[in-house]
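Dear colleague,

Please find below the structure I promised to hand over.

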Amino acid sequence: MQQGRKMRVLTLRKQYSEGGASSSQSQTDETMAYTLPSKRPKLFVRGKDDYLPGNIVEIEIHNFMTYSHLVSKPGPRLNLVIGPNGTGKSSLVCAIALGLAGEPQLLGRASSIGDYVKRGEESGWINISLRGNREGEIITITRKMDRQNKSEWQLNGRLVPKREILDIVHKFNVQVGNLTQFLPQDRVCEFAKLSPIQLLEETEKAVGDQELSGQHRTLIEKSRDLKRLEITVRQNEETLSQLSAQNAEQERDVERVRQRQQLLQKAESMKKKLPWLKYDLRKNQYVEAKEKERAAKHKRDEIARLIAEQKIPIEEKKQQKLKLEASCKKLNSNISSNDNKRREIIQNENQLSVQVRAKASEIEEVKKREESRQERIARAKDDLAAAEAELAKLPFYEPPKEEIECLGAQIRDIEFSSNEKRSVKREMGYKLDQERSTLQRCISRLKDIENTNIRLLQALKVSGVRHIFEAVEWVKTHSNDLKKRVYGPVLVEVNVSNRSHTAYLEGHVPNYIWKSFITQDSNDRDLLVKNLKSFDIPVLNYTGNRQMWNEPQPVTDAMRNLGITSRLDEVFEAPSAVKEVLISQAALDHSFIGSEETNRRADDANKLGVMDLWTPENHYRWSLSRYGGHSSASVSSVQGSRLFASTVDMTEVNELSNKRRACELNIGKLDDDVKSISSEQRHLEDEAAKLHRKREEIINNMKLERRRRQEMDNRIDQRRRKLESMENEEDLETTISRLTDLIGRLNVQRFKRAIEMKDLLIVAVSLKRHFAQEQLAAVEVDMKIRDMERELREPEKQGIQAQQELERCKDELEQCRRHLQSAKAAAESVAKLNPELQQAFLEMPETVEELEAAMQDCVAQANAVMFLNHNVLEDYERRCEQIRNLKFKVEGDRLALNKVLAEVNSLKETWLPTLRSHVMRINETFGRNFQEMAVAGEVALDEHGMDFDKYGILIKVKFRQTGQLQVLSAHHQSGGERSVSTILYLVSLQDLTHCPFRVVDEINQGMDPINERNMFQQLVRAASQPNTPQCFLLTPKLLPDLEYTEACSILNIMNGPWIDKTSKVWSSGSNWGTITERLSQQS
């Protein structure tokens, strides 16, 4: 570098995180990018800022690939991006491509945009600032991306669709997919694989505007159309000549066929008239049938009129008959009502008569009953005296009250003791139910925990331990063969109370430990190793020796202030043997758990001696270098727990087991006590039952004696009341007087009923006389109606015959109408009448027989015409139609062919000279550049006449004086020679290109020093030209003592543990000498 040149300094802190299945070591580096712009002459075409429209003014990326944040301002001409491999040079290339609406597939790295977000981050963004058409105008394109492969586009800070970004990119002719403009590291090898045709397409896009490439595509399309039209015209002309020759050979046969067809057409015309003649016959029949139907209808109507006139007096007589019948019906109803009333009077009189006879009989009965009453009174007095004497003879009974009271006291004492036993038994039963309920809950909870263990074992199986269930079953089956308890798998023995800590524990402990079994005896270990080897299950032996362990680091107050809450060995519970094995194998007592605050201040944790730290988001590990003594850290994101879907609390398991055993003992003891108390209670209940039966016997005897005396009292009382009733009965004279008065009143009612019967009989005789008169009048009217109806039967018979005749005429008319329609339809199906056809029919015979004879004559004459090919006329006419169509098509195709040919020649005269001029200029620059490198090369246009899709560019080079020029390919040149040819070809495009910038990534790889130095000088010289585009050249190294001009800017990317001090010195912007002096002073 030249001393005294000013430099702009940009510092970037970048963090790398790499890890794999066997190692999680990584390194934290700091990266700086230095931009060294050079002073350039103020060219008029570039303006005061020295930038061309579309040049990249600034690149800013955030959380993109290896960068956390970077702001870079490249120069307007040649930008050399230098740095060792893996420092992030190609990340800038990816940022330019993706930020200018390029697709990830173009870069050859990843297929989705989310893969370009920095590891450990969810989103990132790219800012590309382009120089506008006017000085001072800056166009800023922003692309935001996230892990879900979503992109958001902004143009000068406002949200826009991707289409507007593409419009801006196309406006400046930026082609990130064109290898001559944009050659990333992963696609350098593709450039040499380009065919001449593909190289021409890429070159047209690079050196010409859109019109040149578009003209080529148009020429390709039109040349294909031209070939297709030429082939079509040639084929159609050949077909046309063949068809014409065939028709000329068959003209005589065609004339004979036409003569025969004329005869057949004449016969066919006659055949058309035949159904119309039949139609005329049917029409005449229809007219006759219609006339018959009209006459029958007139006759029917006359007869109907006569019948209607004769029915009028009959209807009047019928009305008179109806009135007489109504009068008779009313009289008959009154007669029936009179009969009912008389029947009721007779029935009432019969009832009164029965009552009179009953009362008379009752008087006789009373007289007879008075004689027996005195005898019954005497018998009743004797019965009463006998009952009183029997009552007086009953002995006196004294109830045993003292014995009953004594038995009651004994029963109460026994029942009190029994109730006490029953109460005690009830309390014991309640306690027994409680114990059984507790036992059931313990058993249910233990089953749930066992199901939890099954889920943990299933998680191990899903993670790859296929035979874990078989291993657990084997250990359970052979538990009697083991000397000490065997724990495992370890995952089942561990219980983490805080679910958030399961991810830390699972991520810290190696996977093989979770599926391991832990023995406490070496013989048990050997037995398990031998039998579990086929299951691929590890076995660890716990010896109980803790003397060799280091004391765990305590959680200090400073750590708690930082957010560290505990060590990893304190967040779970397990049997002592399991816990000590986990601590010894995974160093859990030296790993700490922190919070979100700890995550933000992770660097301070290392200062407190923490070498392993878990936070909700990240896992930090620090290690000390054996050589420099400096600390390096690795960071990985915390993954969710897969195995600890559900854990088991072993303390709870032990408590539940102890509680279960206690419940079972208590239940057995309570069962024995309940049985003893039940036996005592049954003995007391038996004693009480005996006393109850004895007392019941005494009480029953008392009740029996009391009931006997009560029955005697009731019998005496009953006989006394019966005697009093007999003495109080009514005397004979009073009863006879009462019954005689009642008979007199009944006879008065019978007399009234007789008077009513007389009146009703008088009314009944009058009604029957009137009814007979009305009925005789109705019979007389009915006979007159029958005589009149008998006279009407003959006209009605004539009317029926007339109606039947009318129906027959209608059926005949309908049949004629259907025949007429069928004949018309048949005739129209053969030929519809029109003036021409009617005129032709007039020239034909008028009868069916004559017409059929004429038709037979025409057919016979037609059959007399002989020819071999029956389809000759159809073939002839079909070929004539084909000839007409082909002539028309050939004329159209010739016009289209001439038009396309003219368009191709016109477009070719515009496109080909321009392309030749560009290729010639490229060839001059390419050959001159190769001569300066002591080799030879040329660029030639491979022309193929009108086959524009075969046009291509041939790059021919030779790198030895004795050799011949050969086309550039992977078969003839080495990788370094292809790189030299490629970069020189790209340099040759500088003066012609219309793109704002070009990117070439590590093109100098594989070059020898001489070619690399010459190549660099060519690039510097090309960048110094007035209107050459901005160029980005990425390389891991540069040769010493290269010549730089004002057109060069350098972006130097470095990383390492000592960058921090150097970046502070560079930030002052001093020259090389000052920086070297300050660095030596600080050291």
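This is a predicted model: local features need pLDDT of at least 70, side-chain atom pairs count only at pLDDT 80 or more; totals for chains, interfaces and linings use all residues.

Residues are numbered from 1 along each chain as its sequence is written, and side-chain values use heavy atoms, with hydrogens and water left out.

Nonpolar cores

A nonpolar core here is a set of buried Ala, Val, Leu, Ile, Met, Phe, Trp, Tyr and Cys residues joined through side-chain atoms within 4.5 Å. Buried denotes under 20% relative accessible area, exposed over 50%, and partly exposed in between (1.4 Å probe, protein chains only). The largest core has 51 residues, and those touching the most other members are L78, L80, W911, F926, I953, I983 and Y985. Helix α21 (residues 872-932) contributes the most to this core, with eleven residues; helices (H or I, at least four residues) and strands (E, at least two) are DSSP runs, numbered from the N terminus. A second, separate core has 49 residues, among them L528, L582, W614 and V638.

Salt bridges

The model holds 34 salt bridges, each being a side-chain nitrogen of Lys or Arg within 4 Å of a carboxyl oxygen of Asp or Glu. In one of these, E685 meets R422 at 3.3 Å, N to O. Because E685 lies in helix α17 (residues 650-727) and R422 in helix α7 (residues 401-462), the pair ties together parts that are 263 residues apart in sequence. E685 is partly exposed at 34% relative accessibility, and R422 is partly exposed at 30%.

D782 pairs with R786, their closest N and O atoms lying 3.2 Å apart. Both residues belong to helix α18 (residues 732-830) and are four residues apart, about one turn of the helix. D782 is buried, with a relative accessible area of 15%.

A network of salt bridges links E597, R600, R601, D604 and K607. Within this group, E597 and R601 have their closest N and O atoms 3.5 Å apart.

Helix α12

Which residues of helix α12 (residues 522-532) are buried? They are D524, L528 and L532. Seen down the axis of α12, the buried residues fall within an arc of 45 degrees, so they line one face of the helix; the arc is that of the directions from the helix axis to the C-beta atoms.

Yours sincerely
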